[in-house]
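Q: Hi! I have a complex open and would like to talk it through with you. Could you take me around?

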Amino acid sequence: MKRGFPILAIVTALLLSFGLYEALIVAPTERTMGDVQRIFYYHVPSAWTAFLLFLINFVASVTYLIRRNAKADILALVSAEVGVVFCTVVLVTGPIWARPVWGIWWTWDLRLTLTLVLWLIYVSYLMLRRFSTSSQTPVMAAVLAVFGALDVPLVYFSIWFFRTQHPSPVIGDGGSLDPRMAHVLLINWAAFLCLAWLVCWTRYRLEVVQREVEEAQSLEALLEGDGSR
Amino acid sequence: MSFLAVTRATLAKDLRLEWRSKDAINAMLFFSLLVVVIFSFAFDPTAEESRRIAGGLIWVAFLFAAVVALNQTWARELRNHVLDAYRVSPAPADPLFLAKAVGNFIFVIVLEALMAPLFIIFYKLRPLGPAWELLPIAVLGTWALVVNGTFFAALSIRTKNREIMLPLLLFPISLPALLGMVNATTAVLTGEESAKFWIALLLAYDVVFTIACLLLFETILEAE
Amino acid sequence: MSGVSPIIVADAVIKQFGRFAALRGVTADFSPGRLYVILGDNGAGKTTLLRTIAGLSQPTRGTISVLGAKEVKTVRSQIGYMAHPSLLYDEMSGMENLRYFAGLYGIEDDAVAEKRCREVISLVKLDPGLARPVGQYSQGMRQRMSLARALLNDPKLLLLDEPFSNVDSHSAEEMAGLLAQMRDQGKTLLVVTHQPAILESVADEFVWMDAGKIVDRTSKLRGAQ
Amino acid sequence: MNYLIAAYIATWVIHGTYLTILARKYSKIQREIKSLKK
């Protein structure tokens with residue numbers, strides 16, 4: 001697998017630059033919103049990628065609760081962390097897009113609000129991992145991840161209904177999508193998926209090495225313990 | 001040690017202890033009173049639009065009181081490591097959770113019973129919609145906060161700063177329930193919309209998380 | 001010792017709290033009907049070993065089987081555990097505490113529970129009628145009531161962590177006699193203590209622990225290490 | 001136009017920040033490995 005990493009890195013770089021070129025130059029300018037609509041090609045794929053990463057976190061957490069294998073635990077941690085990064089991108093690009101178009105920084109648009117709540121849930125998940133003093137932190141984190149995932153449909157329906165009662169501007173597709181636009185959108189999504197995969201892979205390796213180092217340090221403390229007696 | 005017998009015994013024990021040392025409930029009642037007064041100062045009760053946001057005010061006030069109460073859930077068990085005595089016994093974990101959750105529920109409902117009339121008086125509230133709906137909203141909403149609150153209080157026992165950890169875990173996950181409670185109450189107070197959807201949402205929330213808590217409580221109790 | 005199957009079997013048990021290794025590979029058998037005293041200075045892993053046997057803490061690596069069961073959960077009704085903290089509610093009297101714990105051990109019938117609680121309280125030489133809350137007991141009385149709680153379900157295996165700590169010598173001697181009596185009835189006892197002298201005459205074996213390992217096992221208190 | 005550029009730049013600033021956090025974490029581990037090797 002070691003060989004695959006550089007290949008993925010190159011593919012990601014190519015896709016990202018191609019996607020950028022397509023989004024900024026090639027894609028047709030939207031009639032009403034003008035060029036600022038091109039934020040759409042970064043905003044929406046980032047959201048999809050974030051949701052996918054949180055789905056991976058849920059699956060990994062359930063696997064960990066059943067099999068208690070360290071791999072699942074590390075994957076859960078990694079997918080949550082990288083998911084939060086993509087979520088942050090959505091929460092930053094969303095308002096930047098809303099400002100010129102509707103003159104407001106924040107709108108309780110369904111996707112934006114859902115992303116905000118998910119961001120809060122998974123940041124609290126990462127906080128639990130950092131503040132926990134128990135030797136069974138992965139178990140508690142996995143349980144919280146399950147709770148977070150159970151919450152998602154409830155969050156979706158509560159915001160959806162809230163929005164039908166209080167309609168607010170919609171960030172997003174805005175009517176039927178011009179096929180060429182859809183094409184650019186998919187390219188960028190593919191680019192972001194590769195980027196997510198690349199970053200997750202790196203973070204995963206990093207976590208494995210970190211745990212090995214911690215293991216070695218505690219063993220060293222062990223030897224020291226016997227040695228100095 | 002049947003499930004029900006242990007639940008009843010644990011709940012009876014908690015209520016007896018609460019009744020015996022009433023200092024906890026008195027402190028909490030006074031705290032809730034303070035919260036209501038502060039809200040009344042912060043949001044001008046005489047203004048017409050206060051009626052529109054009263055639903056939100058009431059539930060945020062209840063949330064404050066609930067979190068402070070929930071932080072005490074396991075205090076007594078931790079003082080003399082009594083939780084270890086429970087874990088060493090053959091009694092299953094779920095009755096302990098259920099008894100603690102129901103105990104909290106009663107505790108928070110008592111606080112709400114004090115706060116609600118004060119809000120009605122201060123804000124001169126008169127529900128325009130079907131007033132009887134406020135009962136299921138209060139019950140389902142409080143249970144939504146308490147069931148997850150009791151669970152996350154147990155989860156945050158083994159974290160560094162325990163008091164702050166509970167709200168950090170509880171609030172994000174409770175957002176749909178909060179949206180439900182606030183909008184349902186506002187719908188009833190203003191009478192402009194129907195609260196049916198929100199009550200259904202609260203019911204779904206309660207069912208989902210009560211089951212999740214019962215299934216996963218033992219896992220975190222045993223997590224040393 | 002030969003034919004009788006061991007009541008506890010620990011196989012290379014390691015317990016790590018983050019970087020600190022409390023247990024560093026404990027392999028040992030304990031036979032039924034014996035009183036073991038576990039000794040060692042602070043941080044030797046005595047309490048962690050006892051908590052692992054009691055099922056309160058899972059080993060990071062290695063296995064431990066208690067009363068023949070891999071899952072301690074299944075044999076909890078036969079284990080009695082007493083720790084340095086009292087494991088009792090301060091605001092309730094001794095009898096109320098025990099009546100509650102009797103319910104946890106499945107003794108639901110009122111009369112039976114009352115009788116059983118009176119028995120164990122008298123066994124530890126306390127007055128069952130004492131209405132004072134446990135919080136106002138002396139340390140010696142509190143330790144005895146805690147021992148009574150551990151004896152409530154007539155356990156086969158008794159795990160005691162520092163039962164004599166800051167207990168007056170009279171109470172300590174009485175408790176030591178009681179423990180010996182328990183052992184004579186066929187129970188197995190593991191006692192972690194910093195005052196082994198109290199049990200010197202009654203203990204069957206002294207288990208010396210240091211830096212997370214069992215370093216020596218002697219039948220006499222003197223002549224170790 | 002500058003909102004568009006701002007959004008794209010913001011995206012890469014966020015990803016860049018995270019990657020530098022990872023890089024710093026990586027170098028910290030390298031130092032720890034070196035001290036362990038001694």
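A: Happy to. Let's begin with one bridge: C:D11 has C:T63 as its bridge partner in β4(C). Strands here are DSSP runs (E, at least two residues), and helices are DSSP runs too (H or I, at least four residues), numbered from the N terminus. This is a predicted model, in which local features need pLDDT of at least 70 and side-chain atom pairs count only at pLDDT 80 or more, while totals for chains, interfaces and linings use all residues. Residues are numbered from 1 along each chain as its sequence is written, and chains are lettered from A and ligands numbered from 1 in the order in which they are written.

Q: Over how many bridges do β1 and β4(C) pair, and in which sense?

A: Strand β1 (residues 8–17) of chain C pairs with β4(C) over five bridges, in the antiparallel sense. Two strands pair if DSSP finds at least two bridges between them.

Q: What's the strand order of the open sheet in chain C?

A: The order is β2-β1-β4, three strands with antiparallel pairing. The edges are β2 (20–30) and β4 (61–66) of chain C, each pairing on one side only. On average, neighbouring strands of this sheet are turned by 25 degrees against each other, direction ignored. The axes behind that angle are lines fitted to C-alpha atoms, for helices over the stretch in contact, and angles in general run from 0 to 180 degrees between N-to-C directions.

Q: Nice. Switching to helices: how many residues of α2(C) are buried?

A: In α2(C), 10 of the 11 residues are buried, so the helix is largely enclosed by the rest of the structure. Buried means 20 or more other C-beta atoms within 10 Å of the residue's own, exposed means 12 or fewer, and partly exposed is in between, with C-beta atoms placed from the backbone. Among the buried residues are C:M95, C:R99, C:Y100 and C:F101.

Q: And what do they pack against?

A: They pack against α1 and α5 of chain B, together with α3 (110–123) and α4 (139–151) of chain C. Just after α2(C), C:G106 takes a positive phi of about 85 degrees.

Q: Is C:E162 buried or exposed?

A: Buried: C:E162 has 20 C-beta neighbours inside 10 Å. C:L87 counts as buried as well, because it has 23 such neighbours.

Q: Let's do interfaces. Which chains have the most contacts?

A: Among the four pairs of chains that touch, A and B have the most contacts. A contact means that two residues have C-beta atoms, placed from the backbone, within 7 Å. Chains B and D share no contact, and their closest C-alpha atoms lie 23 Å apart. Chains C and D do not touch either, with nearest C-alpha atoms 14 Å apart.

Q: How many residues of chain B are in contact with chain C?

A: There are 22 in chain B, in contact with 25 residues of chain C. On the chain B side, α1 (3–20), α4 (75–79) and α5 (82–88) each supply at least two residues. By class, that side has 11 nonpolar, four polar and seven charged residues. Nonpolar covers Ala, Val, Leu, Ile, Met, Phe, Trp, Tyr, Cys and Pro, charged covers Asp, Glu, Lys and Arg, and the others, Gly among them, are polar.

Q: What about chain A, how many helices and strands?

A: Chain A has six helices and zero strands. Its C-alpha atoms fill a box of roughly 80 × 45 × 30 Å along the principal axes, and buried residues make up 41% of its 229 residues.

Q: Which residues does A:F147 touch?

A: Not counting residues up to four places away in sequence, A:F147 touches B:I173 and B:A212. A:F147 lies in helix α5 (residues 137–165) of chain A and is buried, with 23 C-beta neighbours inside 10 Å.

Q: Last one: what ipTM does the predictor give the complex?

A: The predictor gives an ipTM of 0.90, along with a pTM of 0.91.
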